[in-house]
Each structure stands twice: as structure tokens, then as C-alpha cells.
Amino acid sequence: MPNTKSARRKVKKVAKQALINKFWKRRYKLAVKKMEKILEKKNKKEAISSFPKFQSELMRVAKRGVVNKKSAARKISRISKKIKNITK
């Protein structure tokens with residue numbers, strides 16, 4: 001239990017920020033799942049068309065600091081590599 005007034009405010013602030021982080025982390029995970037589902041279909045055209053939106057979503061989350069920028073970049077790179085390796 002927080003003792004000082006500033007500590008009480010900090011508890012509120014942290015709880016609020018945790019909700020925001022949860023929201024963005026969920027968007028990150030959903031974007032990855034959606035892209036993985038597209039890759040399972042092996043539809044290169046669809047994968048290429050949805051890749052910019054996927055990339056944008058991941059970098060938006062990384063920009064907010066919810067996920068490390070290098071982790072997001074690595075995820076984007078790996079998905080890009082998978083798209084490249086899809087054969088018709």
C-alpha cells in the first residue's frame with residue numbers, strides 16, 4: 001500500500017499505463033497472427049499486399065516502447081523472408 005500522496009498517484013498512473021500497454025501488445029500479437037495465417041495459405045499476392053500494413057502496425061507498437069524496436073524489426077525481417085520464399 002502506498003504511503004505518500006505521490007506514491008498513490010504513481011499507482012494510478014502505472015495501472016492506467018498497464019492498460020494502454022496491454023492494448024498495444026494485443027494489436028502486435030493480432031497483426032503477427034493475421035500475417036502467419038496469410039503465410040499458411042501460401043498466397044504470395046495477398047501476403048505482399050498486406051505486408052506494408054503489418055510492418056506499419058509492428059513499428060507503431062515498437063515506437064511506443066511496448067515491444068523493443070529491434071524485436072519488431074527482427075519479426076518483420078523474418079516474415080519478409082518467408083514471403084520471399086513462397087513459391088507459386
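Reader: Ala, Val, Leu, Ile, Met, Phe, Trp, Tyr, Cys and Pro count as nonpolar, Asp, Glu, Lys and Arg as charged, and the others, Gly among them, as polar. By class, what does the lining of the largest pocket have?

Author: The lining has 5 nonpolar, 1 polar and 4 charged residues. A pocket here is an open set of points on a 1 Å grid over the protein atoms alone, where a 1.4 Å probe fits, with protein on both sides within 12 Å along at least five of seven lines; lining residues have an atom within 4 Å of a point. This is a predicted model, in which local features need pLDDT of at least 70 and side-chain atom pairs count only at pLDDT 80 or more, while totals for chains, interfaces and linings use all residues. Residues are numbered from 1 along each chain as its sequence is written, and side-chain values use heavy atoms, with hydrogens and water left out.

Reader: Which residues line the largest pocket?

Author: Arg27, Leu30, Ala31, Lys34, Met35, Ile38, Ser50, Lys53, Phe54 and Glu57. Helix H1 (5-41) and helix H2 (44-63) are the elements that give two or more residues to that lining.

Reader: Which element gives the most?

Author: H1, with 6 residues. Helices are DSSP runs (H or I, at least four residues), strands likewise (E, at least two), numbered from the N terminus.

Reader: How many helices and strands are there?

Author: The chain has 3 helices and 0 strands, so the order from the N terminus is α-α-α. Its C-alpha trace spans about 65 × 20 × 15 Å along the principal axes.

Reader: Changing topic. How many aromatic pairs?

Author: The count is 2. One is Phe23 with Trp24, edge-to-face, at 5.1 Å centre to centre and 80 degrees between the planes. Rings of Phe, Tyr and Trp (its six-membered ring) pair if their centres lie within 6.5 Å; planes under 30 degrees apart are stacked, over 60 edge-to-face, the rest tilted.

Reader: Is Trp24 buried or exposed?

Author: Trp24 is buried, at 9% relative accessibility. Phe23 is partly exposed, at 44%. Buried means under 20% relative accessible area, exposed over 50%, partly exposed in between (1.4 Å probe, protein chains only).

Reader: And why is the pair of Phe51 and Phe54 tilted?

Author: Because their planes are at 40 degrees, with the ring centres 6.0 Å apart. Phe51 and Phe54 are 3 residues apart in helix H2, so about one helical turn separates them.

Reader: What is the relative accessible area of Phe51, and of Phe54?

Author: Phe51 has 15% and is buried; Phe54 has 4% and is buried. Phe54 also lines the largest pocket.

Reader: How much of the chain is buried?

Author: Buried residues are 25% of the 88.
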